[in-house]
Amino acid sequence: MDLVPHPDSPHSDTSGGGGGGIGASGALALSPAAGASPALAASPSRYESQKRRDWNTFGQYLRNHRPPLSLARCSGAHVLEFLRYLDQFGKTKVHTPACPFFGHPAPPAPCPCPLRQAWGSLDALVGRLRAAYEENGGRPENNPFGARAVRLYLREVRDHQSRARGVSYEKKKRKKAPAHPVPAAVISSSSSSHDGNGHSHHYEHQMPPPPPPGAAA
(Lines give C-alpha, C1' and ligand atoms only; values in the text may rest on other atoms or scores of the structure.)
Protein backbone atom coordinates (compact mmCIF):
# COMPACT_ATOMS: atom_id res chain seq x y z
CA MET A 1 0.00 0.00 0.00
CA ASP A 2 1.23 3.43 -0.94
CA LEU A 3 0.89 5.69 2.08
CA VAL A 4 1.75 9.35 2.37
CA PRO A 5 2.54 9.92 6.06
CA HIS A 6 1.33 13.09 7.69
CA PRO A 7 4.33 15.19 8.72
CA ASP A 8 2.58 16.71 11.72
CA SER A 9 1.35 13.46 13.24
CA PRO A 10 3.25 12.77 16.46
CA HIS A 11 2.94 9.20 17.71
CA SER A 12 3.67 8.01 21.22
CA ASP A 13 4.31 4.60 22.70
CA THR A 14 5.13 3.11 26.05
CA SER A 15 7.48 0.26 26.80
CA GLY A 16 4.71 -2.00 27.98
CA GLY A 17 1.75 0.04 29.10
CA GLY A 18 -1.73 0.05 27.78
CA GLY A 19 -2.49 3.74 27.87
CA GLY A 20 -0.26 5.09 25.12
CA GLY A 21 -2.08 6.55 22.13
CA ILE A 22 -1.42 8.19 18.82
CA GLY A 23 -1.93 11.80 17.91
CA ALA A 24 -2.56 13.65 14.70
CA SER A 25 -4.48 16.55 13.30
CA GLY A 26 -7.49 15.72 11.17
CA ALA A 27 -10.90 16.97 10.17
CA LEU A 28 -12.74 13.74 11.01
CA ALA A 29 -14.12 14.80 14.36
CA LEU A 30 -15.50 12.46 16.98
CA SER A 31 -19.05 13.36 17.85
CA PRO A 32 -20.06 13.12 21.52
CA ALA A 33 -21.90 9.98 22.55
CA ALA A 34 -25.69 10.08 22.43
CA GLY A 35 -27.23 11.20 25.68
CA ALA A 36 -24.06 12.83 26.98
CA SER A 37 -24.65 15.85 29.15
CA PRO A 38 -23.27 19.26 28.08
CA ALA A 39 -20.95 19.30 31.08
CA LEU A 40 -19.36 16.00 30.07
CA ALA A 41 -19.10 17.10 26.44
CA ALA A 42 -17.42 20.36 27.45
CA SER A 43 -14.81 18.67 29.64
CA PRO A 44 -14.15 15.17 28.30
CA SER A 45 -12.22 12.67 30.34
CA ARG A 46 -8.66 11.72 29.53
CA TYR A 47 -9.92 8.54 27.88
CA GLU A 48 -12.42 10.43 25.71
CA SER A 49 -9.79 12.96 24.68
CA GLN A 50 -7.36 10.22 23.71
CA LYS A 51 -10.10 8.38 21.82
CA ARG A 52 -10.89 11.52 19.84
CA ARG A 53 -7.22 12.02 18.93
CA ASP A 54 -6.90 8.39 17.86
CA TRP A 55 -10.04 8.61 15.77
CA ASN A 56 -8.79 11.76 14.04
CA THR A 57 -5.44 10.10 13.34
CA PHE A 58 -7.14 7.10 11.78
CA GLY A 59 -9.25 9.43 9.64
CA GLN A 60 -6.07 11.17 8.48
CA TYR A 61 -4.59 7.79 7.66
CA LEU A 62 -7.58 6.92 5.48
CA ARG A 63 -7.35 10.22 3.62
CA ASN A 64 -3.63 9.72 3.00
CA HIS A 65 -4.28 6.25 1.65
CA ARG A 66 -3.59 5.84 -2.06
CA PRO A 67 -6.25 5.72 -3.35
CA PRO A 68 -8.14 7.45 -0.52
CA LEU A 69 -10.19 5.00 1.49
CA SER A 70 -13.62 5.74 2.92
CA LEU A 71 -14.59 4.52 6.37
CA ALA A 72 -17.45 2.47 4.90
CA ARG A 73 -14.95 0.46 2.84
CA CYS A 74 -12.49 -0.04 5.70
CA SER A 75 -11.96 -3.70 6.64
CA GLY A 76 -9.93 -5.66 9.14
CA ALA A 77 -7.13 -5.88 6.58
CA HIS A 78 -6.91 -2.09 6.46
CA VAL A 79 -6.75 -1.97 10.26
CA LEU A 80 -3.80 -4.36 10.15
CA GLU A 81 -2.07 -2.10 7.62
CA PHE A 82 -2.66 0.84 9.96
CA LEU A 83 -1.20 -1.00 12.97
CA ARG A 84 1.89 -2.05 11.02
CA TYR A 85 2.26 1.50 9.73
CA LEU A 86 2.41 2.73 13.33
CA ASP A 87 5.38 0.49 14.09
CA GLN A 88 7.74 3.00 12.49
CA PHE A 89 6.87 5.43 15.30
CA GLY A 90 7.29 2.88 18.11
CA LYS A 91 9.68 3.29 21.01
CA THR A 92 9.76 -0.25 22.38
CA LYS A 93 12.87 -2.32 21.69
CA VAL A 94 11.91 -5.75 20.37
CA HIS A 95 14.91 -8.07 20.13
CA THR A 96 15.35 -10.39 17.17
CA PRO A 97 16.10 -14.09 17.74
CA ALA A 98 19.72 -13.51 16.60
CA CYS A 99 20.25 -10.80 19.23
CA PRO A 100 22.22 -11.91 22.32
CA PHE A 101 19.67 -10.03 24.44
CA PHE A 102 16.68 -11.93 23.06
CA GLY A 103 14.46 -12.75 26.03
CA HIS A 104 16.48 -10.50 28.37
CA PRO A 105 14.17 -8.15 30.33
CA ALA A 106 17.00 -5.71 31.17
CA PRO A 107 19.71 -5.69 28.46
CA PRO A 108 23.07 -4.47 29.81
CA ALA A 109 24.05 -2.78 26.55
CA PRO A 110 22.43 -1.23 23.47
CA CYS A 111 21.70 -3.27 20.37
CA PRO A 112 20.55 -2.54 16.81
CA CYS A 113 17.19 -4.31 17.18
CA PRO A 114 14.17 -2.42 15.79
CA LEU A 115 11.76 -0.26 17.76
CA ARG A 116 8.11 -1.23 17.64
CA GLN A 117 4.80 -0.20 19.11
CA ALA A 118 4.30 -1.99 22.42
CA TRP A 119 1.57 -4.60 22.50
CA GLY A 120 -0.19 -2.85 25.39
CA SER A 121 -0.40 0.39 23.41
CA LEU A 122 -1.78 -1.34 20.32
CA ASP A 123 -4.31 -3.30 22.33
CA ALA A 124 -5.61 -0.16 24.06
CA LEU A 125 -5.63 1.74 20.77
CA VAL A 126 -7.77 -0.88 19.04
CA GLY A 127 -10.19 -0.82 21.95
CA ARG A 128 -10.62 2.94 21.71
CA LEU A 129 -11.04 2.91 17.94
CA ARG A 130 -13.53 0.08 18.16
CA ALA A 131 -15.66 2.15 20.52
CA ALA A 132 -15.25 5.31 18.43
CA TYR A 133 -16.33 3.50 15.26
CA GLU A 134 -19.69 2.58 16.77
CA GLU A 135 -20.13 5.98 18.43
CA ASN A 136 -19.82 7.53 14.99
CA GLY A 137 -22.61 5.49 13.46
CA GLY A 138 -20.82 2.27 12.55
CA ARG A 139 -22.68 -1.00 12.99
CA PRO A 140 -21.13 -3.42 15.52
CA GLU A 141 -21.33 -6.37 13.12
CA ASN A 142 -19.31 -4.38 10.55
CA ASN A 143 -16.73 -3.00 12.98
CA PRO A 144 -13.31 -3.61 11.36
CA PHE A 145 -11.52 -3.14 14.68
CA GLY A 146 -13.33 -6.16 16.08
CA ALA A 147 -12.42 -8.43 13.17
CA ARG A 148 -10.97 -11.83 13.96
CA ALA A 149 -7.82 -11.04 11.97
CA VAL A 150 -7.16 -8.03 14.23
CA ARG A 151 -7.58 -10.12 17.38
CA LEU A 152 -5.20 -12.76 16.05
CA TYR A 153 -2.65 -10.11 15.11
CA LEU A 154 -2.71 -8.59 18.58
CA ARG A 155 -2.26 -12.03 20.11
CA GLU A 156 0.74 -12.71 17.88
CA VAL A 157 2.30 -9.36 18.78
CA ARG A 158 1.78 -10.05 22.48
CA ASP A 159 3.35 -13.52 22.34
CA HIS A 160 6.27 -12.37 20.19
CA GLN A 161 7.09 -9.35 22.34
CA SER A 162 6.74 -11.43 25.49
CA ARG A 163 9.40 -13.84 24.25
CA ALA A 164 11.65 -11.19 22.71
CA ARG A 165 11.61 -8.87 25.72
CA GLY A 166 11.54 -11.52 28.42
CA VAL A 167 8.40 -10.15 30.05
CA SER A 168 5.05 -11.71 30.82
CA TYR A 169 1.76 -10.13 29.81
CA GLU A 170 -0.34 -12.74 31.57
CA LYS A 171 -2.58 -11.42 34.31
CA LYS A 172 -1.51 -12.67 37.70
CA LYS A 173 -4.22 -14.59 39.48
CA ARG A 174 -4.76 -13.69 43.09
CA LYS A 175 -4.08 -16.55 45.41
CA LYS A 176 -6.89 -17.30 47.79
CA ALA A 177 -5.92 -17.38 51.44
CA PRO A 178 -6.00 -21.01 52.63
CA ALA A 179 -8.77 -21.78 55.07
CA HIS A 180 -7.67 -22.75 58.55
CA PRO A 181 -9.75 -25.76 59.59
CA VAL A 182 -10.51 -26.19 63.29
CA PRO A 183 -8.66 -29.24 64.65
CA ALA A 184 -10.92 -32.17 65.37
CA ALA A 185 -9.52 -32.42 68.90
CA VAL A 186 -10.80 -28.95 69.69
CA ILE A 187 -14.24 -29.70 68.28
CA SER A 188 -14.59 -32.96 70.21
CA SER A 189 -13.19 -31.54 73.45
CA SER A 190 -16.38 -29.69 74.30
CA SER A 191 -20.09 -30.02 73.71
CA SER A 192 -23.06 -27.86 74.54
CA SER A 193 -26.56 -28.57 75.74
CA HIS A 194 -29.61 -26.42 76.28
CA ASP A 195 -31.86 -26.53 79.32
CA GLY A 196 -35.56 -25.87 79.37
CA ASN A 197 -35.03 -22.14 79.86
CA GLY A 198 -33.08 -21.75 76.64
CA HIS A 199 -29.71 -21.37 78.40
CA SER A 200 -26.70 -22.98 76.83
CA HIS A 201 -24.37 -25.01 79.04
CA HIS A 202 -20.94 -26.20 77.98
CA TYR A 203 -19.44 -29.33 79.47
CA GLU A 204 -15.83 -30.28 79.13
CA HIS A 205 -15.15 -33.96 78.51
CA GLN A 206 -12.61 -34.94 81.16
CA MET A 207 -11.24 -38.26 82.36
CA PRO A 208 -12.94 -39.49 85.62
CA PRO A 209 -10.88 -39.08 88.85
CA PRO A 210 -8.97 -42.15 90.09
CA PRO A 211 -10.75 -44.26 92.77
CA PRO A 212 -9.74 -43.65 96.47
CA PRO A 213 -7.17 -45.99 98.04
CA GLY A 214 -8.65 -49.28 99.27
CA ALA A 215 -11.79 -48.96 97.20
CA ALA A 216 -13.13 -52.20 95.80
CA ALA A 217 -12.25 -52.85 92.25
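Of the 217 residues in the chain, 32% are buried (under 20% relative accessible area, with exposed meaning over 50% and partly exposed in between, using a 1.4 Å probe and protein chains only). Keep in mind that this is a predicted model, where local features need pLDDT of at least 70, side-chain atom pairs count only at pLDDT 80 or more, and totals for chains, interfaces and linings use all residues. Residues are numbered from 1 along each chain as its sequence is written, and side-chain values use heavy atoms, with hydrogens and water left out.

The chain has six helices and six strands, taken from DSSP runs (H or I of at least four residues for helices, E of at least two for strands) and numbered from the N terminus. In sequence order they read β-α-α-β-α-β-β-α-α-α-β-β. Take the contacts (heavy atoms within 4.5 Å) between residues at least 6 apart in sequence: 64% of them join residues at least 24 apart.

Now for α3 itself. Eight of its eleven residues are buried, so α3 is largely enclosed by the rest of the structure. The buried ones are Gly76, His78, Val79, Leu80, Phe82, Leu83, Tyr85 and Leu86.

Two helix partners are worth a look. Packed helices are described by the angle between their axes and the distance between the axes. Here the axes are lines fitted to C-alpha atoms over the stretch in contact, and angles run from 0 to 180 degrees between N-to-C directions.

| Helix pair | Angle | Axis distance |
|---|---|---|
| α3 (76-86) and α5 (148-165) | about 30° | 8 Å |
| α3 and α4 | about 140° | 12 Å |

The angle of about 30° with α5 makes α3 roughly parallel to α5 (under 35 degrees; over 145 would be roughly antiparallel, 65 to 115 roughly perpendicular, and the rest oblique). On the α3 side, Gly76, Val79, Leu80, Leu83 and Arg84 meet Ala149, Val150 and Tyr153 of α5. That contact divides into six nonpolar residues, one polar and one charged; nonpolar covers Ala, Val, Leu, Ile, Met, Phe, Trp, Tyr, Cys and Pro, charged covers Asp, Glu, Lys and Arg, and the others, Gly among them, are polar.

With α4, the angle of about 140° makes α3 oblique to α4. Phe82, Leu83 and Leu86 of α3 meet Leu122, Leu125, Val126 and Leu129 of α4. This contact has seven nonpolar residues, no polar and no charged.

Neighbours within four places in sequence aside, Phe145 contacts Trp55, Phe58, Val79, Val126, Leu129, Arg130, Tyr133 and Val150.

Then there are two prolines. Pro144 sits in the loop between α4 and α5 and counts as buried at 3% relative accessibility. Its C-alpha is 8.1 Å from that of Ala77, although Pro144 and Ala77 are 67 residues apart in sequence. Beyond four places in sequence, Pro144 contacts Cys74, Ser75, Gly76, Val79, Tyr133 and Val150. Pro67 is in the loop between β2 (65-66) and α3, and the peptide bond from Arg66 to Pro67 is cis, with omega near 0°.
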